[in-house]
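Here is a predicted model to explore together. Let's go through a few of its features by question and answer.

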Amino acid sequence: MDIKNKEFMLIGGLLVVVAGLMAFFPSLNDSNSTVDWISIPLVGFPIVISVILLAFASQETRSRKDIIAVPIRLFTLCASLIPLAISTALFFDWLILVDWNLAYNDYALEKEYLWIESIGVSWHVGLDGLSFPMVWLTTFLVPVTIIATWNEKDGATYYPLLLMMGGALIGVFVALDLFLFYIFWELTLIPMFFLILKWGGKDRRYAAQKFFIYTFCASVIMLLGLITLYFLQPEGSGSQYGTVTGRTFDMTVLFSNATAFNMGDNVFLGKDMQNVLFAMLMLGFLVKLPAVPFHTWLPDAHVQAPTGGSMLLAGVMLKMGAYGMLRIPIAIFPDALLYYQDVIMAIGLISLVWGAVVCLGQTNLKKMVAYSSVSHMGVILLGIASMQPIGYAAALFMMFAHGIISPMLFAVCGAFKHHYHSMEIGSMRGMARWSPYLSVYMMFAWMASLGLPLLAGFVAELMVLLAYWPTYGWWILLPGFVLAITAAYYLWSMQRTIFEGGDEGQPPESLNGETPPDITLSENIGMLILAIFTVIFGVFPFIALGMMDQWAVALFEGVFNGGI
Amino acid sequence: MIDPAWVSGLAAILFIIGLWGAFSRKNAIVVLMCIELMLNAVNLQFVAAANHWGDVTGWVYAIFAIAIAAGEVAIGLAIFLSMYGQHETISLDEVNLLKN
Amino acid sequence: MSESAIIDYAVLIPLLPMLAFPVILFLGKLFNGTPTWVKNAKEGGIIALTVMGASLVLTLLVIKEHMNHVGSANIFTWFESSWWNAETGAITTKVFGVGIHIDHLTVMLLFVAAFLCFMINIFSIGYMNTDSINDNRNHRFYAEFVLFCSGMLGMVLADSFLWLFIFWELMGLCSYLLIGFYWERPSASYAAKKAFLTTRVGDVFLIIGLVMLWNLFDGHLDYAYVFDKANIAAVDSGDLQLALGMMFIGAVGKSAQFPLHVWLPDAMEGPTPVSALIHAATMVNAGLYLVARMFPFFSGAELGSLSTLAIIIACIGGITAVMAALIAFVQMDLKKVLAYSTMSQLAYIFTGLGSALWFANNGYEELAAFAMGASLFHLFNHAMAKGMLFMASGSVIHEMHHAHHDIAHHGDDDHEHDDDNFDAQSMENMGGLASRMPIAATAMFFGSMSIIGIPLIGGFWSKEGIISSAWQVALKEPIFLLPAMLILIGAGMTGFYMSRMWLMTFAGKPKTEVAKNVHEQTAWIPIPLVILTFMTLSAFILAGMHAGNWLGNFETGHYSSFLGGVGSELKHVFLNDDPFLLVLTYIAIGLSLILGPSFAMALYGGSLDKGQKAKPWMQWAINLSDKVNSSSKFDNSAWANSSLAEALHKRLYFDDLYDAAMLKIVVGFANISAIFDTKVIDGVIKTIETTSQEASRRVRSLTTGSARDYIMMAALGTLVIFMLLWGVA
């Protein structure tokens, strides 16, 4: 076939798909039918399309690069917009019929297909106040990442890998079956590994291996915990229970069984076992979060990863750990949560403080931002340890807000690297002279990250502090101290890069005397979108917080009232 | 007929000779011959036992073993042929590509 | 207009400037450099002016409506969250809302903010747009300017401490951006960072205080709930004192009081309109506003329970007042003198507030109202006067620049920056400008008098109120003698350094050629100067209207008509019934009117050079200073060379101390932690890695590659399996 035709064919095919979906939407508002199958396109679509595209991309050779890479890039972008459209539509429940008033252990758009009957595994997916914001975040970030890294990467396989990553992440969030959850959990590692390995920095091999093996080991421990849980649960019968083992991997069933058992003074599986299992599960999640002292994979992974990889890694992958924490151990082992409350608080506090202090001593810009991620994730742990709905909603909102802000941070770093060929803070002065747009975005992102009010991060930090004081009193000085340190390292890094420089400015040596450029249009648009949403969720947090607060209240009513 | 014990003994001796040869010889063809010796010793044992107990299973096993031995020798010789083509030697000591 | 209607529009007061921010930025980026934008729109200055004018009009309407009753309106619910009671299992919803609250305090600060924002906007158009160093970046200035104004206006209109804090932070951001306006200068960039971080430290305590308050008041931060007497009574006053104390630390940072004062002098790196607006007239008043807002807590809480905090507030005020005045003694930079003066005067207001709060908490309602009124009135006077002083000083510096330009480069416009190190801001290069810059000189003349507290002008009416309140507390609470004494001494010191400033700049002979060639030539600048001069002079009208009385009493304050009030005010001041107060007043007047200025005149006075004549309302002062100077034998060289003077030049070493602490301790610790993280924590992982690699290498050596060994292993393995299967005997 002629070269041009292939391109048009791809785009044409895409348009047909989009048109088909558009035609679908009106019928989705039919009040007689629910759209519970919607999770399949949400998950399956990205993965399947990305696999197909990867197959196409593997046909790429040096000579055919432009022919294959450019339409694939475009196609991937359009393909990533479809899950975004779906999830945004889901939010407005007048567009697609969804009931978001959910009680505890109640899910919207639930769908169950029996899969492996003998051991009780089913394709059970659903959305609730905890997972839907994360799903929306993922579907939002994938196209934004593609846009922001539009010009940066050669190679056709880069963009489909991003898409596959998105699909796997959505799978983690919608899964309501432990087996399924674990599959998607591990599935996310694969595209990220390849992203770091193929397009990373100098030490990418080491960083990719470290990332993979470290998190993999931790999730193996988590798997061990899950399997122990599986075998220790009391036998039962029903559609979700395995025909051979008499037990189930299904989360909803486990939750209701455990909660029913926990009522009053009983402790599901016994106190000691519960503590052990809780610790094992948490270990897997803590490493993913990452929490100090299990955080050392993150700086290396981030510094070596390409911009798009970093954006998705920091934006969503880290939240997987927090999501897992909020979803599984708390509902099944609430007594263990109470037992470990101070430990979780301590780990969170240490992460918060250590992350911030180490940031101050960094000279590599991306490493500094990576450690600031560690620091912000500590806030989530503080929210969990507070044992208040406001704290849990705060943790969830922090996940969400950080998920919008940190891709912006990394996009800034990426643009920095791309145009100035250097990541060192202090390698230059007066960047605002040549790259005003980049400087503005840098300042905006930095301010958002340090918790400036009316930008997304502030409400989360405020809520965590509000929940923190009654439980832990004067320890609150430490998170407060971190607020000041955070401001210090961000401002200091700005002073040493954007500002100063006198009348001439001082370009970095790595530029070798070329004229320093400003950011490309696609980088600009990507960062602009993120900035706009940061402001939207900062000024109107209730858009997201309503759902989150409802979920937190439902959790407390369902699990903690009478359950502890 | 002959006391099956003697046949078993012969089979055992043949087996041990083959085993010792397989351990200690350098020449690949000789090792192959020793393996054949071991297989034949086992065949002998099968036949003796089948004769003693009148069970046809033993005869069946023996025939299978012969067939498999034939196939195995063919493959072995092919491997040694290509090994000789690559390394100009069939001494087992000198070919250690799988080291570490 | 009905009440609900105007208060519904009150939300526009902060909203319009906030919306103008992206508009100016965007248009500025789009039209940068085009002649229409530069000449007609003044690079966004006209847009800003329109918006600020609209806000001012709305403000006046709101004030007219709410002169004597409180108003509030709820705008929308920002977000909701839930609280779980572990014992009962009950889950309650906590609402965080956005709304507007207008009372006397709001009205006063709203007027100050809106009016001064407008005036300084006019000033900026004249100042910024005629200086070539600002070419093509003024849109950024005006955008940040309106954003800041929206922050201030929003803060005073907010109906909860939460939104007070949010706008507080927004102002901090704009302060950072504006101080660092000339970001290419390392000193400016450093100063911006210093300002942000110092106030941030205060803000940390403020946020902790708010968290404590929220938890004390059952999940509420809105004034309606929190100021309710019943709710206050239900709260443990010890905890309340701690919470308010934390919040006070935030106010200390924002209003540049000891020990978080170090950022204010450096903040003079920003352009002069910034100094005028943010660091004299509005942002630094935020801390004062916060403390003033705490008044209902003090009057509603248990008797005497919050006294310690009130004493602390007053003591910090007193210490700062004297410290700042001392440092101002040795300053040569015109703007720095004003900065330290701001610090000192704000300290006065803190002392006044401390007295008011002490009175309120100990049951002396009338005295509390009086003290509160005096403090707030002083805030008003100070803001007007200081804004004017900064603008006038800006005008002087601006014209000095121009004159230097004309002389050194013969009017050559190509040079953007002066190569020689002529400091146009240093008073050492000025002198004799009273005749050459009459408007600025007049403005600074009356402004200084207001700050000093010369009788009948501006700050006098409020300052004497503060001093008398403080001493009245001291009569009841001996510890209060410290701040009371300090501010009394400070009155004299203020007299000295302000007079010194005026005389060095405007009196005497010009010290340089540049000063000889200065003349007022820039348009727009004189307008606000003239208007504010009149405001300062007419403060006695407000005093006559019992403004202090009205300000001090939230519920039932009233204002009387002009004529009746003036008489009683004068009598109250000069012929007070209470002998103690009478003596006090005259001591204060003596110190500030006679003692301070005399020393200043003795050292720095002098007549203008030949042929120059200042306007008559100033000429008499110049003549007087000349007489005092020539007839005095006061020699201050011993003082000027002492180690105290040296310490003062180094700002009493606080800046150095903080810098060293930050760099050596905090950053040092950070560097060590970074290394620790890489070597030790990551080292564990690396050790695991190397150990497993080593172990793997060892096991791998079992694979010798020799076929014979493999045969051996296979045979042995089979043997072992057989043994296991059939059991070893």
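Q: How many residues of α15(A) are buried?
A: Helix α15 of chain A runs through residues 365–385 and reaches 31 Å from its first C-alpha to its last, close to the 30 Å expected at 1.5 Å a residue. This helix is mostly covered, and its buried residues number 20 of 21.

Q: Which residue has its backbone nitrogen approached by a side-chain oxygen at the start of α15(A)?
A: The side-chain oxygen belongs to A:N364. It comes to within 3.0 Å of the backbone nitrogen of A:K366.

Q: Which side chains form the salt bridge between chain A and chain C?
A: Across this interface, the rule finds 1 salt bridge. Its N to O distance is 2.7 Å, and the side chains that meet are those of A:K210 and C:D682.

Q: Which helix gives the most to the side of chain A that touches chain C?
A: Several helices of chain A each supply at least two residues to that side, among them α8 (204–232), α16 (389–420) and α19 (477–497). With 12 residues, the one that gives the most is α19(A).

Q: What is the area buried between chain A and chain C?
A: The contact takes 71 residues from chain A and 55 residues from chain C. Carbon and sulfur atoms give 75% of the buried area, which is about 5600 Å².

Definitions and conventions:
Residues are numbered from 1 along each chain as its sequence is written. Chains are lettered from A and ligands numbered from 1 in the order in which they are written. This is a predicted model: local features need pLDDT of at least 70, side-chain atom pairs count only at pLDDT 80 or more; totals for chains, interfaces and linings use all residues. Side-chain values use heavy atoms; hydrogens and water are left out. Helices (H or I, at least four residues) and strands (E, at least two) are DSSP runs, numbered from the N terminus. The expected span of a helix is 1.5 Å times one less than its number of residues. Buried means under 20% relative accessible area, exposed over 50%, partly exposed in between (1.4 Å probe, protein chains only). A polar contact is a pair of N or O atoms within 3.5 Å; within protein, one must be able to donate a hydrogen and the other to accept it, and residues adjacent in sequence count only if both atoms are side-chain atoms. Contact means heavy atoms within 4.5 Å. Buried area is the accessible area (1.4 Å probe) that two parts lose on being put together, summed over both. A salt bridge is a side-chain nitrogen of Lys or Arg within 4 Å of a carboxyl oxygen of Asp or Glu.
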